[in-house]
Amino acid sequence: MRKLLAAILLLAAAQSMASASWIPMSDYDEQTVFSSPALLASMDDRPIPFGIELKGYADMDMIDFISDPASVLQDAAEHLRTFLLDQDDQYLSDNYDAIRDIFQPDTRFPDFSDDVTEISYQIREYLKSRFTMLNPGNKALAASRAMNSSLNIYPEDTSSLIRGDLDFSMRMYGGAVRNGFAWNIGMGIVYDGASSIMSSVSFKDHKYGSDLYFTLGGDLGYGSYIGDSFAIGVSFSPDFVFSTTISNKDLVSSRIDGSILGLFANNAFDFGLALDLNLGFMIDAGNAKILIDFRNIPSMSMNWYFNATDVLMGFSLIADDNIYFVPPDASVGFIYDNGPWHLKGEISNILDQFIWSSMIHTYKFDILSVPKFSVFYDILDSFSLGLGYEYRSVLLTMLWSGFKAEFRVSLDKAGFGVAIGYEF
């Protein structure tokens, strides 16, 4: 089955490669031993009959947006007011209809006048006086309508204006390691939220937003020593993926309107076949191990989709001309075990960030996402505590007889996350 899946994917990719657009995507997979497959050469044989893990993260902007969206959108409403006040008379006159639609719920918005000076003066007076007196709910509604206007009032990346990050996942898996060979079969539901609820970043014909995935597939890996202290490993991960992208416009509008159907009404739903390949090397010095990994070489998916709005007119699958790929990356890491102490760290996400920034002009290289490390201490044979850092967050982890609990705190914004897992 895995060979057939890979063959179908590679055949489809070969046929489309010449004409398709390559669209960079975030990786929805968790980093596991298959991300450093040379480690498999040193692992003891063990089964993993069944495991489950739940993870969630939200920053304070998203928590406040869910509970009280009006309060979170006040800065966006002020940005709207300032943007329009900075425009010249002709702009305000030429775009009167679009501006009126933004403030449409307010019957006191000025009527149109053919006199450019007069109508621009009336709009500015409205923004300086009347708009500042509106209640927060009406200001938030105007900010939401501004997102859907054609005036490009907000920049593509609004992270400096408003955040609103939300991520969660549920994964179930099972597998085994034997003689350097490892396999895993699993399924997952992943919500990968946009870093800002008002951003509108796009690349070619793909608009980025919050991605919702259902995945079903697995991993195969093999690691072997070449000599006494050097090992090489490779992993291969085919997946069936069902996904949809929720635009930030729909996210904000659906929350303002109180309609969950608004999250999906305009979406395309993708059925895809995905393939990941990782290659790793290890220098084993007993208690210390040096790891060199090349990840996502390649990692790509081919999709077929249908639109939610077309379902009532007759269901049909359409082949997506794009090829979606996770930018490849290289990693240098270490593992050190000494009695009850366990240290692990790596330098990664340099190459893939360069690829992101070269393709998406709003993407900014983040040096603080490059280092990752963790320290664990075994208090008892079956109980350990760990402290780590990754992606601008500090992690506190507890491991106890197959049970895992993790608490995450972001360093650069108010946000926190939790993870709970258990292996039977």
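Colleague: Before we start, what should I know about the model and its numbering?
Modeller: This is a predicted model, in which local features need pLDDT of at least 70 and side-chain atom pairs count only at pLDDT 80 or more, while totals for chains, interfaces and linings use all residues. Residues are numbered from 1 along each chain as its sequence is written, and side-chain values use heavy atoms, with hydrogens and water left out.

Colleague: Which residues make the nonpolar surface patch?
Modeller: The patch covers about 820 Å² and is made by Met60, Ile63, Leu387, Val394, Leu396, Phe407, Val409, Leu411, Phe416 and Val418. Patches take residues with over 30% relative accessible area and no salt bridge, joining like charges within 9 Å and nonpolar side chains (Val, Leu, Ile, Met, Phe, Trp, Tyr) within 5 Å. A salt bridge here is a side-chain nitrogen of Lys or Arg within 4 Å of a carboxyl oxygen of Asp or Glu, and accessible areas come from the Shrake-Rupley method with a 1.4 Å probe, where for residues only the protein chains shown count as cover.

Colleague: And which elements each supply at least two residues of it?
Modeller: Those are α2 (60-67), β17 (393-400), β18 (403-410) and β19 (415-423); helices (H or I, at least four residues) and strands (E, at least two) are DSSP runs, numbered from the N terminus.

Colleague: Is Leu411 buried or exposed?
Modeller: Leu411, in the loop between β18 and β19, counts as exposed because its relative accessibility is 57%; buried means under 20% relative accessible area, exposed over 50%, and partly exposed in between (1.4 Å probe, protein chains only).

Colleague: What about Thr397, why does it count as buried?
Modeller: Thr397 lies in strand β17 and counts as buried because its relative accessibility is 7%. Leaving out residues up to four places away in sequence, Thr397 touches Phe376, Ser384, Leu385, Gly386, Lys404, Ala405 and Glu406, where contact means heavy atoms within 4.5 Å.

Colleague: Changing topic, where is the cis peptide bond?
Modeller: The cis bond joins Ile297 and Pro298, with omega about 5°, and Pro298 lies in the loop between β10 (288-295) and β11. Asn296 is found in the loop between β10 and β11 too, and its phi is near 60°, a positive value in a residue other than glycine.

Colleague: Why point those out?
Modeller: Most residues other than glycine have a negative phi, and most peptide bonds are trans.
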